[in-house]
Every structure is written in structure tokens, then in C-alpha cells.
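This briefing goes through one protein model, topic by topic. Please keep the structure in view while reading.

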Amino acid sequence: MLVNFSWLNLLYFLGSELLMTSKISLRMKRNNLSVVNKIVQCSPALKQPKRGLCSSLHQTHMCAAAVDWGGLPHHVVLQIFQYLPLIDRARASSVCRRWNEVFHIPDLWRKFEFELNQSATSYFKSTHPDLIQQIIKKHAAHLQYVSFKVDSSTESAEAACDILSQLVNCSIQTLGLISTAKPSFMNVSKTHFVSALTVVFVNSKSLSSIKIEDTPVDDPSLKILVANNSDTLKLLKMSSCPHVSSDGILCVADHCQGLRELALNYYILSDELLLALSRETHVNLEHLRIDVVSENPGHIEFHSIKKHSWDALIKHSPGVNIVMYFFLYEEEFDTFFKEETPVTHLYFGRSVSKAILGRIGLNCPRLIELVVCANGLQPLDKELTCIAEHCKNLSALGLSECEVSCSAFVEFVRLCGRRLTQLSVMEEVLVPDGKYSPDEVHTEVSKYLGRVWSPDVMPVW
């Protein structure tokens, strides 16, 4: 039987390498050693003279006919299969019975991504329905690292829920629900979604990592998660989950003492949550991501977090990265950065005022990275200088749609020096002044950074 040329070349190379280095090959029978020699001789990777495509194809088919591929040890075929995409593994499994047996070995089914798309609205290929049913019937118990990638259609999200509801004999450790476009899981019936998710929460009992952002997960389902997986849960990402309250996430923090990474929206962040994460019985938190989003501009008053709550968290977890994404309008920032805030990474997706940037320089001593997407036409000279002087850990800066004089920018870089490992600034941000021209800025900044630097340029399509 003639097999696919693209993966057969990989089989030749990997098969020969694995067989040559495997200790087991030393104990193989003489006839198996002769097979190895044939593989080595036929491998295109080991041929010295280069030949044309037709010659290579002819050589490939001649070797396929001469070599007893069914004689390869299971562990060798298994390692080769792990390098192949699923579609090529499926094709290879039809070569012989032995390879088909390897195709169903549990090790190959521990990690799987279900891709669910509507052909009329998406260019991505979906996981074939027959394969999905085969996985549910034969390999559900083997699944450990599972993700669902769905397009923007409600039908695809509902299909993902249908699959989740059938994973009753699973031992999943990692679960991710990913919407490639708009959050399609939010269009699914809340009852349908929660019911399907609960099946996994109840049956897995070993979940360590869960990414369920932009979904209708709610407080009762989180309580079920905690009841069955409190000893194993280490990562929970659930930003933009409007049905979860501060009490729901507090329940997770109270019972999941091994939680190391957490992502959530600011509206469910509370002093009680930070104090719960700071208890002696809780492991050190490594990563806390907070999304600050305004859905109704002018109608939301953001609460403040007390300084002693932040201090307790930093005392307990001194190395924690606190990442904050802001999508607010200027008038909505009043609550933030009035007191010392231990944030390490700041991203502003909308315009942020000079006053707020000034507060950041005075009250964010742990700041490592700052990205400002827009500010307006007011120069940020004093604010950047203040940030460079007070944020001694700052190593990354991104600026776009704002203005900084060339001399102030050079001074900022001089103050930061070589610790500024990432510097991304759009060319139009730099305003020429009497001291430096744009060309001179390149030279001065490169001198202080100790490497060649130039501003980013907007491509012209």
C-alpha cells in the first residue's frame, strides 16, 4: 500500500534515529537489525547527493515496498506518532494492524483540542463528527488536557457543550474554552452551559487548570468545582463571567489553598478575596490578572481596594505578578492609584489622562511594564520622568497615540538605562524640540540602552 509522502519522510528519519539510539535495538533479532540498516540506507535525510522530486518519490515508494514497517517496535511508532498531526496519525493508522493498535494507545489521547466551526462562516476545519464520537466512546477516560476552540456561532458553542456533557468517565486535568471571535458561549442557554460544565467538574476530581473566560459560569457551578477539585486546582481564568459574584470567587479562594494563578474582572475583586489569598495556609500566589472594563460609561462607580489588603497579599506572596488591563474612559479613573498599588504590569486600552499617569509614577513602585495605547495631545514629559525616577523595576514601555518631547524621552531612557529591555514607541509619538531631532534621538537612546534602537513605524499598505 502506498502511504502519504509528507509524513512518510518523517517516519524514515525519526524511525531510523530512534532505532539507532534505542537501547532496545541492541537486543533485537538479526532480522530487525537488517530492517534498521535498510531504513538508514533509504532515508533521504542521510543521502549525500541531492536528487530531484521525481527521484525522491520513486525512492520513497521503493523503500516503502522493501521495509517491513509493521516490524517497528510499539514504543518507536508511538514516539513517531507524537510528532504527527492528528490527520496524519489517522492516515498512518491504516497502514497495518500494528500501527492501528498504536493509534489507540492512551498516551496519544491525553491531549486533544476540539475545533468546532460552521463551514459557512469559518475558514477553519472542524473536528470530524465521527472522530468526536470515537473519542467519546474509546478515549474519554484517557483525556487529561482538553480544549474547545469554537467560532462566533452559537451552534458551535452548543456543540461544545454537548461534548462536555458526555465526558462522564474522564479524568481531565486541564480544561480550556476558547472563542476565536466574539464570545459565543455567552449566547448559549445558561442552564445548558452550566449543566455541561458541571459534568466535568463532578467527574474529573483532578482539575488543576481551568480557562472559562467569557462564559455564563455562575456561583453554584463554582461551588461544585470546589467541592470536587479543591485539592488540585492551581489556575483559574474567568474574566468576563457576568454571573459570578464576589462571593462565588471568594468561595474558590477559601477552599482551594493551592491556587497559584487567578484571572478575574475588577467588579468581583474585594478586600476579603485578597485577605483570603494571603492566609498562611494558602500557597504563594504567582499571577493575578485583573480586567477593569466599563460596560456602561458614566453609570458605573468603581469601588476601591484598601491599601492594607494589598499589603497583606504582597507580604504573603512577595513575588506575585499583578497585571491590570484597563478599558475605561478618562472620567472613570478617579478611584484608581490614589494610594500605593502593587501592580507590576499595566495596560491601558483606551485614553488615559496625564493625572493618572502622574499617580502611577508616585504610587506604583513595583511596576515592571507599562503600555499606553492613547493619551491625547498633551505631552507626557513630566509623567514619564516621574515614572522613571520612582518605578525602579520598570523594564518595558509601549507608547502609541500620545506625545513626548524628544529631550524628555531621552532623559527617560537615561534614567532607566539598560534595565529597559523592551521599548516600543511609535515614531509619531516623539515631538522634535530644540535639543534633539528624531535622528539624534536614535543615537542617544541607543547609547543609553547599549543596543541599536529605533522607533516603530506604522506600515503603509
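The model is predicted, and its local features are reported only where pLDDT is at least 70. The protein has 17 helices and 14 strands. Twelve of the strands form an open sheet with parallel pairing.

**Overall make-up**

- Of the 461 residues of the protein, 48% count as buried.
- The accessible surface comes to about 22,800 Å². Carbon and sulfur atoms account for 53% of that surface.
- When contacts between residues at least 6 apart in sequence are taken, 73% of them join residues at least 24 apart.

**The sheet**

- The strand order is S1-S2-S3-S4-S5-S6-S7-S8-S9-S10-S11-S13, and the sheet is open.
- Its edges are strand S1 (111-116) and strand S13 (422-425), each of which pairs on one side only.
- From one strand to the next, the twist averages 10 degrees.

**Strand pairs within the sheet**

- S1 pairs with strand S2 (residues 145-150) in the parallel sense, over six bridges. In this pair, Lys 111 has Tyr 145 of S2 as its bridge partner.
- S2 is also joined to strand S3 (residues 174-179) by six bridges, and these two strands run parallel. Phe 148 stands opposite Leu 177 in S3.
- Between S2 and S3 the chain passes through helix H8 (residues 154-164), and this β-α-β crossover is right-handed.
- Strand S4 (residues 209-211) and strand S5 (residues 235-237) run parallel and are joined by three bridges. Leu 235 in S5 is the bridge partner of Ser 209.

- Ser 240 is not a glycine, yet its phi is positive, at about 60 degrees. Ser 240 is placed in the loop between S5 and helix H11 (246-255).
- The relative accessibility of Ser 240 is 29%, which lies between the limits of 20% and 50%, so the residue counts as partly exposed.
- Phe 337 also has a positive phi, near 65 degrees, without being a glycine. Its place is the loop between strand S8 (321-327) and strand S9 (345-351).
- Is Phe 337 buried or exposed? Its relative accessibility is 4%, so Phe 337 counts as buried.

**Aromatic pairs**

- The count of aromatic pairs comes to 16.
- One of them joins Phe 103 and Trp 109, with 5.4 Å centre to centre and 85 degrees between the planes, and the pair is edge-to-face. Both Phe 103 and Trp 109 are buried.
- The rings of Phe 326 and Phe 333 have centres 5.5 Å apart and planes at 35 degrees, so this pair is tilted.
- Phe 326 counts as buried because its relative accessibility is 1%. Phe 333 is buried as well, with a relative accessible area of 1%.
- Which residues do ring pairs link into a cluster? They are Tyr 266, Phe 302, Phe 326, Phe 333, Phe 336, Phe 337 and Phe 348.

Notes:
Residues numbered from 1 in each chain as written. Predicted model: local features only at pLDDT ≥ 70, side-chain atom pairs only at ≥ 80, totals over all residues. Heavy atoms only, no water. Pairing = 2+ DSSP bridges. Helix = DSSP H or I, 4+ residues; strand = E, 2+ residues; numbered from the N terminus. Axes fitted to C-alpha atoms, helices over the stretch in contact; angles between N-to-C directions. Buried < 20%, exposed > 50% of the residue type's maximum accessible area, 1.4 Å probe, protein only. Right-handed = clockwise from strand over helix to strand, strands pointing away. Phe/Tyr/Trp six-rings, centres within 6.5 Å; stacked < 30°, edge-to-face > 60°. Contact = heavy atoms within 4.5 Å. Areas by Shrake-Rupley, 256 points an atom, 1.4 Å probe, with all protein chains shown as cover.
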